[in-house]
Amino acid sequence: MKVKILAALAGIALLVHQYMIWFYAPVAQSGPVQKIFYMHLPCSWWSLVSFFVVFVSSLLYLFKREPVYDRVAGAAAELGVLFATLALVTGSVWARAEWGHWWLWDPKLTTALIMWYVYAGYLVLRSTPMGRDRKALVCAVLGIVAFLDVPLVFFAAKLWGSAHPDGLARKGSGMEIRMWQTVFAGLTAFGFMWGAMLLTRAKQLAQHAKLEALLVWDDE
Amino acid sequence: MLRRAYTIAAKDLNLSVSGGQGLVQAVLLGLLLIFLFSLSKPLGGQITAQAAGAIFWLASAFGLVLVFNDLFAIEEANGARIGILSSPAPVHSVWLGKGVAGLSLLLVSQLVFLPATIAFLGQTIHGPWWLLWATLLGADIGLVVIGALLGALSQGQAARESLLSVIVFPLLLPVLLSGITLFGMCFSPEAAEGTDSWLGLIFAFDCLFAGAGLFLFPFVYSGEE
């Protein structure tokens, strides 16, 4: 029921968000290409939230050893990688249109890319053949270590960028109020979608675990 | 705990040096990488100081994976891991012992990589020697605290080298970037600037993951498969 409500809200909010992007928010100085930002930012934001959920669920799993936390961590990591991929692709397209480069040594972009690598590795670990409990345990450990790395990666990328001529810090945005409203509408809409997807995936994983428990292996 | 950590480290070093293949493989692979990257040097041209630093740390990162893979693999046979877990040695001393053994083996392999970088990549050490050694030791501690923790993740896995590389390399980025930049400064004839921020980053990385390793290692080093 919760999923249906969230999905319905997500559908409506996404439609409203699209309307705001194309008809409500003013066109920026750089032209219509700036509108990609309204989808880039929510993807980036919700990917970071996903990674934080992986961290919290992993901690809870280590202390409570309840499989539900492992499933939530797995579902959140999948969503995090998905949203980070979308953020990287939209960011890259936007950078190409705005600055003429597909990739820039921007601390936020670089952090997103490294986090994408880290959590893609986490998903590889989740798919390796291993005992169920052991896998949940080692994934929880990696989920914690991975999130601890985020601030250090950001700081390292910032230091590196400051030492390079192609390092580019984004200047103050100077956005109008209607632009900000569109940004917040996007964050809300993507939030509903993220919630619906997280719950659905966690439920799927619970069903999968239940089926595996019912399965009787017969080698003969 | 320290005495038992020393025992574990001595046992690991003994086994690695006498019959293990991790150190030999790490040294050979690192040398091969440095030599292959030297082929990218244009005829009569030079490899930049920063690129040389990057190649050195890339060789070290691969060496780290091979060293820790070997350190954990030697306990796979004959239920040796279960034996250690059943012994009175606390699990933290295993982590510390593995870390010390890994650090020693990594330093030995880097003592080969450094002259190879200078010879094959045409570098000269211009920068302060203290910076070179401080970077080497600080960054190596960062590498081994992660290696000693996550090396145990892939225990019992068939494709553990590739699994470990995929997991460990992105996590090491802050310490690798610091090592690359500081080694670039040491190889460059220009005066080193902004070293304190990078050394601070290495120190923060070492402290954070040493704490995380101490807390998390007992969860990953277990008798479960």
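Predicted model: local features only at pLDDT ≥ 70, side-chain atom pairs only at ≥ 80, totals over all residues.
**Entry 1**

Residues are numbered from 1 along each chain as its sequence is written, and chains are lettered from A and ligands numbered from 1 in the order in which they are written.

I noted that the axes of H5(B), residues 91-120, and H9(B) come within 9 Å and cross at roughly 115°. Axes here are lines fitted to C-alpha atoms, for helices over the stretch in contact, with angles from 0 to 180 degrees between N-to-C directions. Helices are DSSP runs (H or I, at least four residues), numbered from the N terminus.

On the H5(B) side I found Val91(B), His92(B) and Trp95(B); H9(B) brings Gly213(B), Leu214(B), Phe217(B) and Pro218(B). Contact means C-beta atoms, placed from the backbone, within 7 Å. I sorted these residues into 5 nonpolar, 2 polar and no charged (nonpolar: Ala, Val, Leu, Ile, Met, Phe, Trp, Tyr, Cys and Pro; charged: Asp, Glu, Lys and Arg; polar: the others, Gly among them).

**Entry 2: Phe219(B)**

Next I looked up Phe219(B), which lies in H9(B), residues 195-220. Phe219(B) is partly exposed, because 17 other C-beta atoms lie within 10 Å (20 or more would be buried, 12 or fewer exposed). Beyond its neighbours within four places in sequence, I see Phe219(B) in contact with Leu62(A), Leu137(A) and Val141(A).

**Entry 3: between the chains**

How many residues of chain A are in contact with chain B? I read 27, against 24 residues of chain B. H4 (107-126) and H5 (132-162) of chain A each supply at least two of the chain A residues, and H5(A) gives the largest share, 17 residues. That side of chain A divides into 21 nonpolar, 3 polar and 3 charged.

I then turned to Leu142(A). Leaving aside neighbours within four places in sequence, Leu142(A) is in contact with Tyr122(A), Leu125(A), Leu153(B) and Ile167(B).

Last, I checked Arg65(A), in the loop between H2 (37-64) and H3 (67-99) of chain A. Its phi is near 55°, a positive value in a residue other than glycine. Most residues other than glycine have a negative phi.

Technical notes:
Contact = placed C-beta atoms within 7 Å.
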